[in-house]
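Thank you all for coming. I would like to take a few minutes to go through one structure with you, so please have a look at it before I go on.

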Amino acid sequence: MPYQQLSVEMIPEYFSGLPEMKNIFSNFNNLNVREVGDGNLNYVYLVTNNDASNESVALKQAVPFLRIVGESWPLPKERMTIEIKALQKASEWCPQHVPEIYYYSHEMSLVIMKDLSTHGVLRGQLIEGQYFAKFADHISTYLAETLFHTSDIFLNPREKKELVRDFINIDLCQITEDFVFTHPFEQNETNVYNIELKDFEIKSIQEDCELKIAVAEMKRKFMTEAQALIHGDLHTGSIMANEEETYVIDPEFAFYGPIGFDVGALIGNFLMTYFSHEHRQNLLGREPYQYRKWLLDTIEIIWKEFVNKFELLWVEQATSEQSLYWAYERGEEHFKKQRDVFLLDLFQDTLGFAACKMMRRILGLAKVADIADIRDLKERARIENMTLQMGKKLVTERKKINSIEEVIDLAKSFSELR
Ligand code: SR1
Ligand code: MG
């Protein structure tokens, strides 16, 4: 079927012609279709059978433009092909955290998946102050499994280079290059500023020599370091979770890039949630301490568990390969040193990318609801400014920071834990 942008009205008939949907829906006469997408790029529909509420799926379709801007900003709908392949690749290593695919069509640029509406988007639930006791364990497993098994450490060189080729993602990488690493750091017309954010606060980011050099360095790494098949947009809006389960969705930005970009996206988003709850916990009528402590603890556990799991996979791999490279008296000790060098480098990349992701959400076009939906604009500007200043410190001083505890202390120095 040639590409057609689906509408709510068209979906029941479209489904009735798909054999795969006959395995899920007992009839197509009374389907309820709702558009639920709140992302910047695509349309997402939840389809439920009014006659049997356990029969439901989610449908995601790419449109040939950037949804957040409109049809004036063309964007190839073929990005869905990358998303489908990335979901498949991630589920090879981590099926428990990737939604099951029931059907996909490259021609229609769509995928039909498990309905995760009983899970909820993580960002919205964090804004509401909900706890997820298993999240750090789940997401650190997802990160370690997907990133390790698509890296040069695990793959043979030919297989890895073929994957690099298969996941060339020019258009979506350009969105990141522009909207994460460039426009927010210049006086660009696409930027959107809170009117209460002062000019000098914006200039402290856009005209600071050390910061400009550091962000340019992170952009260079993003564009040149093909370390692993990364998700490419792993913020808290790309995760669906409930207390028991966690799913990573939306990998349309996937490509071979730096591992720290995924880990940093997640940590940067949790730091912004931490700052936002200086205000939000009061709105919720709670004492802020307990929830904000949980957010910081979660950041620490995510990092530490990710490193533990990644390193364990690495050691297992080396043991099973029985390589001669470290096969000498002090080889084990030297191999450990190599891992430490790699992991410190990865940590400092993670901080640099987290910082860019934080600052772009304040100055750039695409915001995060945690902060942007704060109604009191002066209060919002206060939190935006602490986000900018922490971002600036993280990216410019990343090479002097050696532990996640130092990052947590830095966050507390910008926004006291109370
Ligand atoms: C125009 S920027 C749109 C943003 O939405 C996506 O979620 C990515 O983060 C992208 O940068
Ligand atoms: Mg997305």
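I will talk about a pair of strands, then the surroundings of the ligand, and finally a pair of helices.

Please keep in mind throughout that what we are looking at is a predicted model.

Let me begin with strand β1, which covers residues 31-35, and strand β2, which covers residues 42-49; these two run antiparallel and are joined by five bridges.

Now let us turn to ligand 1: which residues surround it? They are Asn-40, Leu-66, Ile-68, Ile-175, Thr-176, Phe-179, Val-180, Asp-233, Leu-365 and Ala-366. If we sort this shell by kind, we find seven nonpolar residues, two polar ones and one that is charged. Helix α7, which spans residues 170-179, contributes the most to the shell, giving three residues. The shell also draws on two domains, with at least three residues coming from domain 1 (11-114) and at least three from domain 2 (120-414).

Lastly, how do helix α11, residues 289-321, and helix α12, residues 331-363, pack? Their axes lie 12 Å apart, and the angle at which they pack is about 140°. Because angles count as roughly antiparallel only when they are over 145 degrees, α11 is described as oblique to α12. As for its handedness, the crossing of α11 and α12 is right-handed.

Key: Residues numbered from 1 in each chain as written. Chains lettered and ligands numbered in written order. Predicted model: local features only at pLDDT ≥ 70, side-chain atom pairs only at ≥ 80, totals over all residues. Pairing = 2+ DSSP bridges. Helix = DSSP H or I, 4+ residues; strand = E, 2+ residues; numbered from the N terminus. Near = placed C-beta within 6 Å. Nonpolar A, V, L, I, M, F, W, Y, C, P; charged D, E, K, R; others polar. Domains from an automatic or database assignment. Axes fitted to C-alpha atoms, helices over the stretch in contact; angles between N-to-C directions. Parallel < 35°, antiparallel > 145°, perpendicular 65-115°, else oblique. Left-handed = near helix turned anticlockwise from the far one by under 90°.
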